[in-house]
Amino acid sequence: MNQLIFDMAAWLDDTAWSTAIHESYYLYNWIEATHVLTLMLSLGILFLIDMRMLGWALPNVSATRLAERLNTPMLIGFVVMFITGILLFYAVPVRSSQSLWFRIKMVLLVVCAVNAYLFHRRMTQSMSTWENAPRAPSELRKGALISLGFWTVIVLCGRFIAYDWYDCEYPQPDMVRALAGCIDGQTRF
Amino acid sequence: MNSATTRQSPIGPYPRAAIATGLLVLLLAFSFSGMRAEVWTALLPFFEWMETTWFGYVGKTWGGAFATIQAGHLVSLGVLGGAVLFSDGRLLGLYSSLPLRDVIDGSHQVFKWALAVVVFTGVFMVCGVAVKVYYLPVFWYKMLALTVGILFAFYVRKPLVDRDLSGVSPLVIKLTAIASIMVWFTVAATGRWIGFS
């Protein structure tokens with residue numbers, strides 16, 4: 001599996017566009033800046049909804065109407081983050097795919113997507129009973145807490161990707177090498 | 001009408017906005033004057049001292065601690081941005097089914113907490129790389145934008161939106177919301193650019 005990921009990353013790395021983005025100071029930084037600044041639209045709004053569910057913010061605003069109304073701008077933010085995230089990966093595919101932090105981030109993104117789906121389903125099923133209550137029911141509050149916690153760790157992993165602590169380029173413990181997907185004898189990083 | 005609204009300020013009916021505008025004009029005048037270089041030179045020992053503080057020591061010694069605080073800075077900036085976009089979006093006429101007053105007041109509470117965390121984590125981060133950022137023009141642009149943002153949020157926007165908005169020109173409300181979004185976008189963008197410098 002790690003060999004397959006490495007081969008695909010190496011193939012992406014060989015494409016002209018990958019090199020073009022990677023070597024363009026302004027293009028790469030613009031993409032990264034857009035990725036980070038869209039946090040305000042995606043994560044900022046998501047956290048507002050989560051905090052409302054937990055009763056920490058906006059107590060007088062209907063929770064379900066808030067979630068419904070903010071859904072579209074939040075999704076726009078996540079789409080932009082997703083596209084810019086793919087471009088950032090595409091610009092540095094080999095190192096990114098072998099980053100332990102990147103891999104943890106991807107797993108957590110899947111967990112957050114499943115959590116968001118379950119949260120939304122539970123909310124639409126039960127909204128008529130608690131819409132104007134200061135706090136959402138226990139199940140939804142758990143979902144909101146998971147969302148807040150995991151998204152914070154996702155941002156943290158995103159920051160950690162920039163550091164080279166567990167890069168395959170340097171000697172690493174066997175477990176780190178396995179988790180990061182380092183290939184024996186690889187010369188390309 | 002209560003006594004607070006009938007008492008006249010010597011600088012007119014909008015004293016906080018007038019003071020904030022005066023401060024902004026002074027800040028801009030200072031930014032383009034010769035005094036700026038003198039103050040900048042005098043500030044170097046302060047920035048050198050920042051690196052010797054406990055924050056500076058931790059920030060320089062443990063990359064993991066620095067990155068964790070950076071993540072906290074980013075998350076709180078995201079929440080601040082979310083509060084600004086939500087509140088100003090409502091002022092611009094979006095999400096009109098949500099109660100205006102509750103949205104504005106509730107968002108301001110979130111904004112204040114997020115700003116406190118942004119400033120605290122920001123000070124920590126600066127301590128770790130104080131002398132480096134001292135020589136970066138974009139760092140000073142960010143400080144200028146942040147000062148403008150705080151003055152604008154608390155002394156221009158807040159007094160305006162605390163009023164009965166049915167008596168305020170819709171154009172003024174919309175311009176205030178657009179200005180608010182632009183100011184905080186500038187704060188975030190200049191902050192991001194520090195990382196590239």
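Select B:Glu51 to begin: in this predicted model its relative accessibility is 17%, so B:Glu51 falls under the 20% cut-off and counts as buried. B:Lys60 is partly exposed, at 48% relative accessibility.

Next, pick B:Asp88 and B:Arg157. Their side chains form a salt bridge too, 2.8 Å from N to O. B:Asp88 sits in helix 5 (residues 63–91) of chain B and B:Arg157 in helix 8 (residues 137–161) of chain B, so this pair ties together parts 69 residues apart in sequence. Buried or exposed? Both B:Asp88 and B:Arg157 are buried.

Now hop across chains. Show A:Glu32 with B:Arg192: they form a salt bridge, with the closest N and O atoms 3.4 Å apart. A:Glu32 belongs to helix 3 (residues 25–37) of chain A, while B:Arg192 is in helix 9 (residues 170–196) of chain B. B:Arg192 is buried, at 16% relative accessible area.

For a network of salt bridges, select A:Arg122, A:Glu139 and A:Lys142. Over all chains, the structure holds nine salt bridges.

Time for the nonpolar side. The largest nonpolar core has 57 residues, and those touching the most other members are A:Phe47, A:Met53, B:Leu80, B:Phe86, B:Phe111 and B:Trp184. Centre on A:Phe47: beyond its neighbours within four places in sequence, its contacts include A:Leu148, A:Trp151, B:Val75 and B:Val79. Last stop is a second, separate core of twelve residues, among them B:Cys127, B:Ala130, B:Val133 and B:Leu136.

Notes: Residues numbered from 1 in each chain as written. Chains lettered and ligands numbered in written order. Predicted model: local features only at pLDDT ≥ 70, side-chain atom pairs only at ≥ 80, totals over all residues. Heavy atoms only, no water. Core = buried A, V, L, I, M, F, W, Y, C linked by side-chain atoms within 4.5 Å. Buried < 20%, exposed > 50% of the residue type's maximum accessible area, 1.4 Å probe, protein only. Contact = heavy atoms within 4.5 Å. Salt bridge = Lys/Arg side-chain N within 4 Å of Asp/Glu carboxyl O. Helix = DSSP H or I, 4+ residues; strand = E, 2+ residues; numbered from the N terminus.
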